[in-house]
Each structure stands twice: as structure tokens, then as C-alpha cells.
Amino acid sequence: MLIFQGPVHAGQSPEKMQENMGKWMAWIDKLRKSDRYLAGEPLLPGGKLVTSKRTVTDGPYTEGKEVVGGFFIIKAKDFDEAVSICDDYPDFNHGATVQVRQIMKVEVPA
Amino acid sequence: MSQQGNIYELADHLFRHESGKMVSVLSRLLGLQNIEIAQDIVQDTLLQAMSTWGFNGIPDKPAAWLYRVAKNKAIDYLRRQRKFEEISPQYAYLLQSEYTLSPTINNLFLENEMQDSQLRMMFACCHPSIPEESQVALVLKTLCGLSVNEISNAFLTNDETINKRIYRAKEKIRQENIELDVPQGNELQTRLNSVLKSLYLLFNEGYHSSNPNQLIREDLCHEAMRLCYLIIEHPLTSRPRSKALLSLMCFQASRLNARLDDKGHIILLKYQDRSKWFLPLIQKGFDYLDEITEPFEVSSYHFEAAIASLHAAAPSFEQTDWKSIHQLYILLYQVQPSPVVAMNKAIASAYAVGRQQALAELRAISGLENYYLYHTSIGEICYDLHDRAEAKKYFEKALQLTSSQQEQQLLKNKILSCLES
């Protein structure tokens with residue numbers, strides 16, 4: 001799973017946004033064609049935070065660069081491959097980062 | 001949404017152009033005083049499009065998708081704000097009731113209303129109380145969707161300068177309480193003139209810009225043409241002078257690809273490969289030119305378009321109808337007696353009358369001492385008259401006055417050829 005964290009693209013020009021979108025589409029396209037893309041969604045900023053006492057607040061108010069903007073679920077044979085897939089991530093130059101995590105597959109005994 | 005959505009299905013500059021349209025429509029709805037809210041709504045809309053389309057592909061009707069999202073954001077905003085009369089004096093009444101809220105907004109997003117809004121925005125940006133340089137910056141920001149950084153880049157200046165120009169324009173909008181109205185009667189004609197002037201400056205900025213990036217320059221030219229096209233599409237503003245300006249732009253733009261060589265050096269009209277001129281645009285230029293005589297009016301664009309058409313029609317530099325061009329410059333000088341027109345008139349007379357006369361005319365001009373092309377032109381004529389030493393002096397003077405690398409290269413070559421003889 002690739003988790004995209006970074007600031008929202010505020011103040012970007014329409015032309016740059018269109019360009020950035022093109023890079024995302026090309027990236028997804030490339031992963032799809034090599035059969036490594038399983039799913040992905042963008043996330044809207046903002047949301048709710050529910051505590052154990054069931055209090056609901058607006059949040060999470062994390063720092064701009066920690067906001068999760070979306071995720072991919074991809075197929076990769078190991079971490080090295082998953083990390084190398086991130087080479088095409090379009091938002092590095094906006095100060096954004098990618099968290100690479102492995103989804104746990106528990107083998108259930110028959 | 002098409003799963004295999006592809007960026008190449010999307011029109012070039014779609015975001016940029018739709019942003020200009022939507023800012024115009026929303027400013028009309030919310031009142032020009034609230035243009036920043038309109039810009040925020042549009043920015044949010046594009047951000048949303050960027051993430052969802054980027055992940056899931058481009059929708060079948062991208063523009064309609066954008067309008068729907070922008071409309072909903074505008075409705076949300078209006079529902080949260082209860083002070084309608086402060087937001088939008090013109091639409092306050094219709095926006096207060098849920099019954100008329102959506103239809104009012106939907107109506108403003110119809111194609112012809114959107115064109116109308118853009119036209120109103122052009123009139124507002126070119127309000128006489130806003131200084132000319134701020135007008136151009138504001139047009140680029142609001143109607144063309146360029147960011148401050150893109151504008152300063154195109155004008156080879158810094159963000160701070162452009163920010164100041166836009167700030168000054170917005171100040172004026174507040175102070176003068178400028179709204180998105182179409183001016184009436186005589187006011188319409190005067191305002192149309194300043195809109196056309198602004199587009200003319202915008203086009204020239206692209207055409208003669210010293211920016212080394214060819215793409216930026218072409219963008220500015222195309223934006224000016226797109227807006228000018230909107231003007232001639234509207235019955236109120238489709239005047240012969242508007243068409244003359246568009247005709248002029250078509251002729252000039254047809255040469256954009258022939259103006260630079262592979263290394264980005266400027267090729268003078270004399271040496272351009274005329275087969276590289278873009279014929280469809282030349283044809284368009286002539287089409288608009290046919291429509292500039294009725295109803296009768298005279299503008300500087302009439303003469304400039306006619307001059308450009310003679311260049312476009314000439315099979316070679318030598319076979320150009322210099323006599324007619326010279327005559328047209330004389331007429332142009334009567335409606336626009338500026339030193340730059342005088343200079344062009346003198347250059348035309350070099351080919352139509354003689355080089356000695358041209359030299360005398362050029363030397364009589366005052367006010368262009370710091371304009372590199374003025375010195376280049378005198379140098380050229382001295383060179384043709386075999387006065388190489390004099391020519392070299394003028395080329396060297398010109399070299400000091402231009403910051404464009406392409407122009408500098410051109411002048412260095414000229415200086416070298418003065419030494420060769």
C-alpha cells in the first residue's frame with residue numbers, strides 16, 4: 001500500500017494542476033499496464049475524529065505535510081520493487097512523501 | 001468516468017481556460033467585489049478535479065463536470081452567507097429563495113451567458129481608472145487563468161511587480177465600485193477601445209517579448225486572439241475595429257513558426273522561409289479583413305491589418321508592395337502619430353522611395369533614443385548604403401540596449417559583417 005502524505009496544492013496555477021494530473025494518470029496507466037495497480041482513491045481534506053468516549057471532533061488536525069491525500073494498493077514482489085514504483089510519484093517536488101506499507105496477509109490454517 | 005482515462009483526451013489548457021470562464025461567471029454572480037471568493041471556489045474545483053480525474057480518469061464531459069462542482073460550491077457558499085445584498089447586489093433577490101437559487105446559477109452557466117460574463121469581465125479589467133499595465137495583468141490573471149508566477153515569467157519581471165499591478169487593479173475595483181456591467185452608449189465605445197488596446201498590448205508582449213521561451217510567447221499571443229475572438233462573437237462589440245485587430249493578430253501569428261531558427265535565433269522578415277507561414281491563419285486574416293469596411297469607421301488596427309496583409313500576400317521580401325505599405329504607414333501616422341509608427345514609416349520608405357530619404361526620416365525622429373530597434377534600423381540602412389563604419393556604430397548602440405539573447409546574437413552577427421568588408 002502506498003500512502004500519499006503532503007500539503008494540498010494551494011496556490012498552484014490551473015496549467016500546473018492540469019500538468020500534475022497528467023503525471024498521475026500516466027503513472028497509474030503505467031502501473032495498470034504492468035498489472036501492478038489494484039486500487040486507489042484520493043481523499044478529501046478534513047474529516048472527523050472519534051475518540052473512545054465517542055466524542056466527535058473535526059480533524060485530524062495534523063500538520064499540512066502529514067495530511068493523507070490518497071492511497072494506492074499495488075502488487076509488488078518486495079519492498080525494493082514497491083519503493084522503485086514511487087520514482088514516478090508526481091508530488092515529491094511539492095514536499096510530499098510516500099509511505100510504503102505491506103498489507104498483512106495471514107495464512108489461516110485449514 | 002472512463003477507466004482508461006487519458007490525459008491526451010483533455011484539451012490543452014482546459015483548466016486554464018475553464019478557470020477564466022468560471023471566475024467570470026462566479027464574479028458576476030457574487031459581485032466583482034468578491035472576485036477573490038470566486039477565485040477560491042474555482043481553485044477548489046480544479047483541485048478536486050485534479051485528484052479525482054488523476055485517480056479515476058477523465059469524465060466524458062470535463063467542462064460540464066467542472067461547472068457542476070463549481071455551481072455546488074457556489075450554492076454552498078451562498079447558503080452559508082445570509083447577507084445577499086452585500087454579496088451580489090444584482091442577484092440578491094433571486095438568491096434569497098431556495099426556489100430560484102439553483103435556476104439562477106444554472107442559467108449563468110449556460111454557454112451564451114458564460115461568454116457574456118467573460119465579456120463583462122474584460123470590460124471591468126479594462127476600466128479606465130485601472131492603469132494599462134495593471135489591466136493586462138488582471139486580464140491574464142482573471143480571464144486567462146495564469147498565475148502571478150506565470151505572468152511575471154512571461155513578462156520577464158518578478159512576482160512582486162505583478163502582484164503590485166494586480167493589487168492596484170483590485171484597489172481600483174473596490175474604490176470605484178466597478179461591477180461587471182456592459183457599458184452603454186458612448187461609454188461602450190470608449191471602453192471597447194481600451195479592451196482592444198489591452199489585447200493589442202498582450203499580443204505584442206507575446207510577439208515581441210524577449211522571453212527566451214517560445215512557448216510562453218505563443219501562449220500570450222493565443223490568449224489575446226482567443227479573447228479577441230470572444231469580442232467579435234458578441235453583437236455589441238463585433239465592430240470593424242475589433243475585426244481589424246483580430247485580422248492583424250492572425251497575420252502576425254501566422255509567422256510565429258518562421259520567426260525563430262532551430263537555435264532560437266530570430267530570423268528577420270527578409271530572410272524568413274515563407275513556406276513556413278501558417279496559411280490557415282493568413283486565410284482567416286483575410287476573412288476578417290473583408291469585414292472591416294462596414295459600417296465605416298477608422299482605427300489604427302485597420303491600417304496595421306492592411307499592412308500585415310500586404311506582407312502576408314507578398315511572394316518574397318523584394319516583391320512586397322512597398323509603395324502601398326508606405327502609403328498605409330502615412331495614414332497610420334495620421335491616426336497614431338507615435339515615434340514607433342514614424343520609425344516603421346521610415347523603414348517602409350527605404351524600399352518605397354529610397355534609402356537616403358529613409359535615413360533622413362529616421363534621424364529626424366526623437367523619443368526612440370533608448371529603443372534598440374531604432375538604432376538597428378539606422379544601422380541597417382547605413383549598411384545598405386555601404387557606410388559600414390557608421391552602421392557598426394549603430395549596431396553597437398543597439399546591442400547595449402537589448403537584453404534579449406536572440407536580439408544580441410543577431411546584432412553581433414551584423415557587427416561582424418560590418419568588419420568583413
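**A helix and its surroundings**

Mentor: The buried residues of α11(B) are covered by elements that include α7, α8 (132–143), α12 (214–233) and α13 (240–253) of chain B. The model is predicted, so local features need pLDDT of at least 70 and side-chain atom pairs count only at pLDDT 80 or more, while totals for chains, interfaces and linings use all residues. Residues are numbered from 1 along each chain as its sequence is written, and chains are lettered from A and ligands numbered from 1 in the order in which they are written. Helices (H or I, at least four residues) and strands (E, at least two) are DSSP runs, numbered from the N terminus.

Helix α11(B) comprises residues 185–208, 24 residues in total. From its first C-alpha to its last it reaches 35 Å, close to the 34 Å expected at 1.5 Å a residue (1.5 Å times one less than the number of residues). Its buried residues are Arg191(B), Leu192(B), Val195(B), Leu196(B), Ser198(B), Leu199(B), Leu202(B), Phe203(B) and Gly206(B). A residue is buried with 20 or more other C-beta atoms, placed from the backbone, within 10 Å of its own, exposed with 12 or fewer, and partly exposed in between. As background, an α-helix has 3.6 residues a turn, so residues three or four places apart point the same way.

Two of the covering helices, α7(B) and α12(B), also pack on each other, at an angle of about 110 degrees and with their axes 10 Å apart. Axes are lines fitted to C-alpha atoms over the stretch in contact, and angles run from 0 to 180 degrees between N-to-C directions. The angle makes α7(B) roughly perpendicular to α12(B) (65 to 115 degrees). In this pairing, Gln115(B), Gln118(B), Leu119(B) and Met122(B) of α7(B) are in contact with Leu227(B), Leu230(B), Ile231(B) and Glu233(B) of α12(B), where contact places C-beta atoms within 7 Å. By class, these residues are 5 nonpolar, 2 polar and 1 charged; Ala, Val, Leu, Ile, Met, Phe, Trp, Tyr, Cys and Pro count as nonpolar, Asp, Glu, Lys and Arg as charged, and the others, Gly among them, as polar.

Helix α7(B), residues 111–125, has a further partner in α1(B), residues 14–30, with an angle of about 80 degrees and axes 8 Å apart. α1(B) is therefore roughly perpendicular to α7(B). On the α1(B) side the contact involves Gly20(B), Lys21(B), Ser24(B), Val25(B), Ser27(B) and Arg28(B), and on the α7(B) side Met114(B), Ser117(B), Gln118(B), Arg120(B) and Met121(B). These residues divide into 3 nonpolar, 5 polar and 3 charged. Gln118(B) takes part in this contact and in the one with α12(B).

His13(B) lies in the segment before α1 of chain B. Its phi is near 60 degrees, a positive value in a residue other than glycine. His13(B) is partly exposed, with 19 other C-beta atoms within 10 Å. Elsewhere in chain B, a cis peptide bond joins Glu294(B) and Pro295(B), with omega about -15 degrees; Pro295(B) is in the loop between α14 (279–289) and α15 (300–313).

Turning to the partner chain, 18 residues of chain A are in contact with 21 residues of chain B. On the chain A side, α1 (14–33) and β2 (37–42) each supply at least two residues, and α1(A) gives the most, with 11. That side has 9 nonpolar, 7 polar and 2 charged residues.

Chain A has 2 helices and 6 strands, in the order β-α-β-β-β-β-α-β along the sequence. Of its 110 residues, 18% count as buried. Among its contacts between residues at least 6 apart in sequence, 74% join residues at least 24 apart.

Gly70(A), in strand β5 (residues 68–74) of chain A, counts as buried, with 20 C-beta neighbours inside 10 Å. Leaving aside neighbours within four places in sequence, Gly70(A) is in contact with Phe4(A), Gly40(A), Glu41(A), Pro42(A), Leu43(A), Ser51(B) and Phe55(B). Gly70(A) and Gln5(A), 65 residues apart in sequence, have C-alpha atoms 7.6 Å apart in space.

Arg54(A), by contrast, is exposed, with 6 other C-beta atoms within 10 Å. Arg54(A) sits in the loop between β3 (48–50) and β4 (56–58) of chain A, and its phi is near 65 degrees, a positive value in a residue other than glycine.

Methods. Contact = placed C-beta atoms within 7 Å. Parallel < 35°, antiparallel > 145°, perpendicular 65-115°, else oblique.
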